[in-house]
Amino acid sequence: MDTIICDELLEEVFHRLPPPSSSSPTTTDVSLVSKRWLRLHRSSQSTLSLHLSPSTCPPTSLSSFLSHFPYLSSLSLTTTPSLPADDAVSPFSDTLLLSAASSCPKLIHLRLSPSPVSFFPLLSLSTSCPRLASLSISLSKPLSFHWLLFFPLLKTLTVVVSPSLAAEYERAASKAKCFDAELKLQTLVLSGIRCGDCGFDWLWRSCKKLKKLQLHSCEGIGDDTSVSSFVNCLKCLQEVELRSCRPMVNDVLSKLAENCASLSSLVVYDGGSREGLLHFITHSRCDLRKLDLRLPLDLENNHLLAVAENFVSLSSLRLQSCCLVTGEGLKTIGLAMSNELEELALINCDVVEREPGLLTTLGQSLRNLRKLDLSYNEMLVDKEFISMLVSCNCLRELKVRGCRGLTNASVVSMFKSCKQLESVDIRDCRGIEAEAVELFVLNCVGLRQIHVDESKLSDVTRSWASKKFVEVVV
């Protein structure tokens, strides 16, 4: 049988198989069948993820191994931290980058973490992988981004800044000739920037087509020259994400309000500014469509009232662990956006438990909801939840993960009230039993994906999920 099937047909079959990590009981690692199948399976793969260490992966071994994957377009390499401080350039990381460059000429996406890399292997990468469109690396100071000029097709860049060197040496080493450039970067993700860090001025001035900016664990946007040039990258921005950036949130939000009219999505997690957020909401000229906030002590009702007044086209509102919000602000949102809001998330928000009837009111107001996430509201009970679902006839995605107060009655209400449900997450719901999951999979006509505890998957449930092509995620 093995000799009858041609290579091309086997490769096509391999493309259609679920990954080995899939929860499907029929999943088999086809690479174990024979040497021929191993060779064809490798040649059919376009994505690969490896965890490596200097003691187990000599450079020649990696190059030889990667040569078996001629059509690899996406590669992720994670290194084991070395014994010395991990903030200096790692020879091992440089070697890995050189191996990837020489062995994978068709690479489009490359990720190497967490050890920093130096300039020379990046230059080699730009020559050997001309199609590279996405790059994720770590860099140590002094920082310079002029090497980006050698990647003409690069659209997405992720950089983790590793602290090193004295400030005086950094300022001297990072000086370079200033010249105008126009990078094609559309997505930029930066982590670990400190106040006074040099090297960002040229980057901000050169990112004139940036559409998505993410800043994680940053204290600033660079030195004095960087601050003045930061506004150059804001003109075309559509999405901004700020995570754990409390020292700089106020300045960034202020500059967004003044210089960015194209913003459609804003995410602020773990560190905000009450005044800065309110200033942005009331003074921004953008038509915001998505607002995602995890601000336990920085979000109040006046912010929600301002959102209801100024962002009337908002289609997605996600709030997580927002302790100071009350039902007044949420009800105002519901009335103002009754026809627009399609996604609502109230994750671990105790207002759901503090104010009985709130969910009922929101359900009656937001008749066009497509996505609802009430995860980790542990005290949410059936009565409140079911009374909301009665009005949510358009729901396609529902998440109640960690809602331990819900029982089988809520599951029955899901498929009776929400006929268009396609994806459901009921993991870690202590009161929901295996029999209810079985009934749900059997009766939910449009179901395509269900997230559920493995202990609640009966043989009948697995059988029905397989017959109805429902993906089960445990």
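F415 is buried, with a relative accessible area of 10%; buried here means under 20% relative accessible area, using a 1.4 Å probe and protein chains only. F440 is buried too, at 1% relative accessibility.

Before I go on: this is a predicted model, where local features need pLDDT of at least 70, side-chain atom pairs count only at pLDDT 80 or more, and totals for chains, interfaces and linings use all residues. Residues are numbered from 1 along each chain as its sequence is written, and side-chain values use heavy atoms, with hydrogens and water left out.

Now the rings. Phe, Tyr and Trp rings (for Trp, the six-membered one) pair if their centres lie within 6.5 Å; planes under 30 degrees apart are stacked, over 60 edge-to-face, and the rest tilted. That rule gives 7 aromatic pairs. One of them is W147 with F151, edge-to-face, at 5.9 Å centre to centre and 85° between the planes. Both W147 and F151 are buried. F415 and F440 have ring centres 6.4 Å apart and planes at 55°, so that pair is tilted. F415 lies in helix α16 (residues 408-417) and F440 in helix α17 (residues 434-443), so the pair ties together parts 25 residues apart in sequence; helices are DSSP runs of H or I, at least four residues, numbered from the N terminus. Ring pairs also link F145, F200, W204 and F230 into a cluster.

Last, F280. Which residues does F280 touch, leaving aside those up to four places away in sequence? They are L253, L256, A257, L263, L266, C286, L288 and F311, where contact means heavy atoms within 4.5 Å.

Methods: Buried means under 20% relative accessible area, exposed over 50%, partly exposed in between (1.4 Å probe, protein chains only). Helices (H or I, at least four residues) and strands (E, at least two) are DSSP runs, numbered from the N terminus.
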